[in-house]
Amino acid sequence: MQDGGCLCGKLRYRVTTQPLWVTACFCHFCQRATGAQGMVEPIFDIDAFEITEGTPTRYVHISGGSGKEVQVHFCATCGTKTHLTFERWPDRLGVYAGTFDDPGWFEFSPGNSKFIFLDSAARGTLVPSGFKVFREHAATPDGTPLDPEVFDEILHIR
């Protein structure tokens, strides 16, 4: 089990399994949502996640890529975003990795991770070699998986 929460501590959560996979996303939504170059988002079965303290507020955003709802869950007191739920994948949930009490507890390796929306990445973004990379999303809007690129050297977005 791993716990996490918001900046002020009023919203707390727990996950009970390892992530199914980890996504590093550089789309404009993730850049704006984090105020950074992108977001590292471990993905879990929704049943492996529980709120242990507080009640999150929810903002509904329509994805520019899929046209489906993305629900951003956050603390109404301090504004920290803790997790995302998806109309497109109702049985999955993504966690803002930096909100875990130990943000480095899960594996982030070429075997379980992918980098998406590289065409939107900010200059200076680095992608380690060996990871699956997608110029945009990893699947079409109907869910058909796309083929990744894999680079033998570090990719430096310039």
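Me: By class, how many nonpolar, polar and charged residues does the lining of the largest pocket have?
Reply: The lining of the largest pocket has 21 nonpolar, 14 polar and 10 charged residues, where Ala, Val, Leu, Ile, Met, Phe, Trp, Tyr, Cys and Pro count as nonpolar, Asp, Glu, Lys and Arg as charged, and the others, Gly among them, as polar. Bear in mind that this is a predicted model, in which local features need pLDDT of at least 70 and side-chain atom pairs pLDDT 80 or more, while totals for chains, interfaces and linings use all residues. Residues are numbered from 1 along each chain as its sequence is written, and side-chain values use heavy atoms, without hydrogens or water.

Me: How much space lies in the largest pocket, and which residues are closest to its centre?
Reply: Rolling a probe the size of a water molecule over the atoms shows where empty space is left. Here the largest pocket holds about 960 Å³, and of the 45 residues that line it, R88, W89, I116, F117 and H137 are the closest to its centre. A pocket is an open set of points on a 1 Å grid where a 1.4 Å probe fits, with protein on both sides within 12 Å along at least five of seven lines, and its lining residues have an atom within 4 Å of a point; the volume is the space filled by probe spheres set on the points, joined across faces, edges and corners.

Me: Which element gives the most to that lining?
Reply: α1 gives the most to the lining of the largest pocket, with 5 residues, and the elements that each supply at least two include α1 (28-34), β3 (21-25), β4 (39-45) and β10; helices (H or I, at least four residues) and strands (E, at least two) are DSSP runs numbered from the N terminus.

Me: What volume does the second largest pocket have, and which residues line it?
Reply: The second largest pocket has a volume of about 170 Å³, and its lining consists of A33, T34, G38, M39, V40, K81, Y96, A97, G98 and T99. That lining divides into 5 nonpolar, 4 polar and 1 charged residues, with α1 and β4 each supplying at least two.

Me: Which residues have the most contacts inside the largest nonpolar core?
Reply: In soluble globular proteins, nonpolar side chains tend to be buried together. The largest nonpolar core here has 14 residues, and those with the most contacts inside it are C25, L84, Y96 and I116; such a core joins buried (under 20% relative accessible area, 1.4 Å probe, protein chains only) Ala, Val, Leu, Ile, Met, Phe, Trp, Tyr and Cys residues through side-chain atoms within 4.5 Å. α1, β7 and β8 each supply at least two residues of this core, while a second, separate core of 11 residues includes V95, A97, F100 and F106.

How values were computed
Buried means under 20% relative accessible area, exposed over 50%, partly exposed in between (1.4 Å probe, protein chains only).
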